[in-house]
Amino acid sequence: TAELADTGVAVWWQGTARRHRRWRLRSGPTGQHPFWKWPWQPAADRMRDLLADASEEDYRAAVEALAAHRRTDVQRVLVSYLAPTETAWMDECCSGAASYYDLALRTMLFCSVGSAEQLTALTAHSQFGYGQWSRRVLATLIETAGVDAVVALMAAHFGAAYADDRKVGAEVLSRLPTDEAFGVLLEHRGEKHVVPALRDAMKRYPVRAVRLLAQASAGSSKEAAVARDLLAGHVQDHPDAVTAALPGLPAEARTTVERIAAETADR
C-alpha cells in the first residue's frame, strides 16, 4: 500500500496518432500533481481499518516494515495515515505540511493527528478547509486532539467554508457541550444553514442557551434582535432552564431574561 503512493498513471504514446495513445502505470515519483481522489486511496482506508484491528504483534511488525517505505513526502503521509501511533513520523509530516497541497493528502494528515500540539503544528502550514469538513475527520480530530482544539479550529475557518461544509460543521458543533461551540453557532446565527443546528443545541443544552442567548441579546443590532427572538421562544419552552440560569447571569442579561419571562407570562 505504501508503494502505491509512488505509482501514477502516465500517457504512453505509440506513434503520433491519437488512436495510438495508451495508459500505463509508472513506479517511482512521477513529478505529477496527485489525483484529487487517488485511485489507491480505498486501499489505504481498508489497510488502516485492518491495522486498527490487528493484534499488537502484527501491528508492530507492520510498523517495522513501513519504516522502510517513507522515501518521499507522499509516502510519509500515507505511512502516518496507516500508523498514526508513530508520533515522531507524524511530527515530521506536520513540520513539512506546506508541501502537501493535495486534498487527499491533507485529509489523511488531519486524520492522523494525535494531539492538540500536532494539530497546531499542522494548521500552521496546511489550511483546514474543503475536504476536511466531514463527520469522519471531525470525529477523529475530537477524539485525538480534544474538543477545545477542534472547536477553535472550526471557529477560525467556519466563515470561509462552503455552505455544505458549514452545515456539517454546525451539526457537529450543536452536539459539543461547551460554551465555545455554542458561541460559534451564535456568531453565525443569521445564516440559514446554522439556525437548525443552533435550535438543536438550544434543546440539547437549555441552561447554556439561556445564559449565552441573554448575553448575545444586548444592543440594537440585527444579530442582537435575532438572539432576542430565539431567547423569547426558549424562555417560554424551558422555564426550568430559566430558573437554573438566572443566578449566574450578569445584571444586564438577568434583566433581559426576567423581562422576556414576564412578557411571556402575560400572553
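**Helix packing and salt bridges in the predicted model**

Among contacts in the protein chain between residues at least 6 apart in sequence, 60% join residues at least 24 apart. The model is a predicted one, and its protein chain holds 15 helices and 2 strands. Of the 267 residues, 43% count as buried, while the accessible surface comes to about 14100 Å², with 52% of that area belonging to carbon and sulfur atoms.

Helix H7 (residues 135-145) packs with helix H8 (residues 147-157) at an angle of about 135°, the axes lying 7 Å apart, and the two helices are therefore oblique to each other. To this contact H7 contributes Leu138, Leu141, Ile142 and Ala145, and H8 contributes Val147, Ala149, Val150, Leu153 and Met154; by class, the contact has 9 nonpolar residues and neither polar nor charged ones.

The structure holds 9 salt bridges. In one of these, the closest N and O atoms of Glu3 and Arg71 are 3.1 Å apart, and the pair links the segment before strand E1 to the loop between helices H2 and H3, 68 residues apart. Glu3, at 35% relative accessibility, counts as partly exposed, as does Arg71 at 48%.

Arg166 pairs with Glu191 in a salt bridge whose closest N and O atoms are 2.9 Å apart; because Arg166 lies in helix H9 and Glu191 in the loop between helices H10 and H11, this pair ties together parts that are 25 residues apart in sequence. Arg166 counts as buried at 15% relative accessibility, whereas Glu191 is partly exposed at 23%. Arg70, Asp73, Arg76 and Glu92 are linked in a network of salt bridges.

Definitions and conventions:
Residues numbered from 1 in each chain as written. Predicted model: local features only at pLDDT ≥ 70, side-chain atom pairs only at ≥ 80, totals over all residues. Heavy atoms only, no water. Helix = DSSP H or I, 4+ residues; strand = E, 2+ residues; numbered from the N terminus. Buried < 20%, exposed > 50% of the residue type's maximum accessible area, 1.4 Å probe, protein only. Contact = heavy atoms within 4.5 Å. Areas by Shrake-Rupley, 256 points an atom, 1.4 Å probe, with all protein chains shown as cover. Axes fitted to C-alpha atoms, helices over the stretch in contact; angles between N-to-C directions. Parallel < 35°, antiparallel > 145°, perpendicular 65-115°, else oblique. Nonpolar A, V, L, I, M, F, W, Y, C, P; charged D, E, K, R; others polar. Salt bridge = Lys/Arg side-chain N within 4 Å of Asp/Glu carboxyl O.
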